[in-house]
Amino acid sequence: MITDEKIQENAFTKGLAVADKMPGKIGTMIREDLRRGLGNITPQALCYRANGNLEHTDFERKGIEETFTNYGIKEPWGLA
């Protein structure tokens, strides 16, 4: 079972919340980029990951961070 601490470490709803407040469709664009970068996963699978219910590999973490950084979001990790 995944602990609350691990959920906080693996969640990136904080970054998505920032993206949703940005002008235009930045939130949608980031979600699409994340889904592609994580292997063309479904929106439901992205939600599961965003909520921290899965531990990411180092490669996945780097990709998630790079995606957010490309849109100017420096600290995506954590629950919103």
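Visitor: Why is arginine 49 counted as buried?
Guide: Arginine 49 has a relative accessibility of 11%. Buried means under 20% relative accessible area, exposed means over 50%, and partly exposed is in between, using a 1.4 Å probe and protein chains only. Since 11% is under 20%, arginine 49 counts as buried.

Visitor: What kind of model is this?
Guide: This is a predicted model, in which local features need pLDDT of at least 70, side-chain atom pairs count only at pLDDT 80 or more, and totals for chains, interfaces and linings use all residues. Residues are numbered from 1 along each chain as its sequence is written, and side-chain values use heavy atoms, with hydrogens and water left out.

Visitor: Where is arginine 49 placed, and what does it touch?
Guide: Arginine 49 is in helix H4, residues 43-50. Helices here are DSSP runs of H or I with at least four residues, and strands are runs of E with at least two, numbered from the N terminus. Leaving aside residues up to four places away in sequence, arginine 49 touches Asn10, Ala11, Phe12, Leu38, Ile41, Leu54, His56 and Glu60. Contact means heavy atoms within 4.5 Å.

Visitor: What makes asparagine 10 buried?
Guide: The relative accessibility of asparagine 10 is 4%, which is under the limit for buried, so the label applies. Asparagine 10 is in helix H1. Among the residues it touches are Arg49, Gly52, Arg61 and Trp77, not counting residues up to four places away in sequence.

Visitor: How many aromatic pairs are there in the whole structure?
Guide: The search finds two.

Visitor: What makes phenylalanine 12 and phenylalanine 68 an edge-to-face pair?
Guide: Their centres are 6.0 Å apart, with 65° between the planes. Rings of Phe, Tyr and Trp (its six-membered ring) pair if their centres lie within 6.5 Å; planes under 30 degrees apart are stacked, over 60 edge-to-face, and the rest tilted. The distance is within the limit and the angle is over 60, so the pair is edge-to-face. It links distant parts of the chain, 56 residues apart: phenylalanine 12 in the loop between H1 and H2, and phenylalanine 68 in helix H5, residues 58-70.

Visitor: Why is the pair of phenylalanine 12 and tryptophan 77 given its label?
Guide: The centres are 6.1 Å apart and the planes are at 85°, so this pair is edge-to-face. Tryptophan 77 lies in the segment after H5, 65 residues from phenylalanine 12. At 18% relative accessible area, tryptophan 77 is buried. Ring pairs link Phe12, Phe68 and Trp77 into a cluster.

Visitor: What makes arginine 61 lie over the face of tryptophan 77?
Guide: Arginine 61 is at 4.0 Å from the ring centre. A charge sits over a ring if NZ of Lys or CZ of Arg is within 6 Å of the ring centre and within 35 degrees of the ring normal. The 4.0 Å distance is within the 6 Å limit.

Visitor: Why are helices H2 and H3 called oblique?
Guide: H2 (residues 13-20) and H3 (residues 26-37) pack at about 140°, with axes 7 Å apart. Axes are lines fitted to C-alpha atoms, for helices over the stretch in contact, and angles run from 0 to 180 degrees between N-to-C directions. Angles under 35 degrees are roughly parallel, over 145 roughly antiparallel, 65 to 115 roughly perpendicular, and the rest oblique. H2 and H3 fall among the rest, so they are oblique to each other. The contact is made by Leu16, Ala19 and Asp20 of H2 and Ile26, Gly27, Ile30, Arg31 and Leu34 of H3.
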